[in-house]
Amino acid sequence: MQRHLSRTILLLMLAPAPAAFAAGSAAPPVAQGCLGCHGPAGRGAGAVPAIAGRDAGELRALLHAFRSGGRPATIMDRIMRGYGEAEIATMAEHFAGAR
Ligand code: HEC
């Protein structure tokens, strides 16, 4: 009984995540940390610029420029130093498709 119940609860907890990914609405894990500053779905918040719905190539170039220190920044240069090529590509694709 106890085991059956906890398995049911576990399934309920796991169920929504893959469904949300399939619909393309949820940010992939690597892009979750961006939302706190860039607002819900990356649409911008206060002084922090919007990154949703912009060209993927432009976003990738911006992220590379932050990472290399070629683009002046208050915080993005430090943030991007922690990410690799595949992660930058995933972020750029996600936010280009985000609304
Ligand atoms: C601590 C807050 C914070 C977090 C977290 C953050 N950003 Fe930013 N982002 C900023 C700020 C502030 C700027 C403006 C440049 C600067 O001062 O660093 C910016 C600028 C940008 C820009 C350039 C936009 C433009 O039009 O110039 C992009 C692209 C971007 N961020 C993407 C991301 C991505 C992708 C993530 C997730 C890895 C992320 N940011 C996480 C605060 C944040």
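Reader: Which element gives the largest share of the shell around the ligand?

Author: α3 does, with 5 residues. Keep in mind that this is a predicted model.

Reader: How many residues surround the ligand in total, and which are the closest?

Author: The count is 17. The closest are C34, C37, A73, T74 and M76. Two or more shell residues come from each of α3 (29-38), α4 (56-68) and α5 (76-80).

Reader: How does the shell divide into nonpolar, polar and charged?

Author: There are 13 nonpolar residues and 4 polar ones. No charged residue is part of the shell around the ligand.

Reader: Step back to the fold. How many helices and strands?

Author: The chain has 6 helices and 0 strands. Along the sequence the pattern reads α-α-α-α-α-α.

Reader: And what percentage of the chain is buried?

Author: Of its 99 residues, 16% count as buried.

Reader: What about contacts between residues at least 6 apart in sequence: what share join residues at least 24 apart?

Author: That share is 55%.

Reader: Back to α3. At what angle do α3 and α6 pack?

Author: At about 65 degrees, and the axes lie 9 Å apart. Helix α6 covers residues 85-97. The crossing of α3 past α6 is right-handed.

Reader: Which residues make the contact?

Author: From α3, the contact uses V30, A31 and C34. From α6, E87, T90, M91, H94 and F95 take part. By type, that contact of α3 with α6 splits into 5 nonpolar, 2 polar and 1 charged. C34 is also among the residues closest to the ligand.

Reader: Now the core. Which residues make up the largest nonpolar one?

Author: It holds 12 residues: A27, A31, I51, L59, L63, F66, M80, I88, M91, A92, F95 and A98. α4 and α6 each give two or more residues to this core. The most come from α6, which gives 4.

Reader: Take L63. Buried or exposed?

Author: L63 is buried, because 22 other C-beta atoms lie within 10 Å, and the cut-off for buried is 20 or more. L63 sits in helix α4.

Reader: What does L63 contact, leaving aside neighbours within four places in sequence?

Author: M80, I88, M91 and A92. L63 and I88 are 25 residues apart in sequence, yet their C-alpha atoms are 6.9 Å apart.

Reader: And A27, what does that touch, not counting residues up to four places away?

Author: A27 touches Q32, L35 and H94. H94 also belongs to the α6 side of the contact with α3.

Reader: Also in α4, there's A56. Which residues does A56 contact beyond four places in sequence?

Author: A92, E93 and A96. A56 itself is partly exposed, because 15 other C-beta atoms lie within 10 Å.

Reader: Why does A41 count as partly exposed?

Author: Because A41 has 19 C-beta neighbours inside 10 Å, while buried calls for 20 or more.

Reader: P40 is in that loop too. Buried or exposed?

Author: P40 is exposed, with 11 other C-beta atoms within 10 Å. The C-alpha atoms of P40 and R99 are 9.6 Å apart, and the two are 59 residues apart along the chain.

Reader: Last one, A45. Where is it, and what does it contact beyond four places in sequence?

Author: A45 lies in the loop between α3 and α4. A45 contacts C37, H38 and G39. C37 is another of the residues closest to the ligand. A45 is partly exposed, with 14 other C-beta atoms within 10 Å. From A45 to L35 it is 9.3 Å, C-alpha to C-alpha, and 10 residues in sequence.

Conventions. Residues numbered from 1 in each chain as written. Predicted model: local features only at pLDDT ≥ 70, side-chain atom pairs only at ≥ 80, totals over all residues. Near = placed C-beta within 6 Å. Nonpolar A, V, L, I, M, F, W, Y, C, P; charged D, E, K, R; others polar. Axes fitted to C-alpha atoms, helices over the stretch in contact; angles between N-to-C directions. Left-handed = near helix turned anticlockwise from the far one by under 90°. Contact = placed C-beta atoms within 7 Å. Core = buried A, V, L, I, M, F, W, Y, C linked by C-beta atoms within 7 Å.
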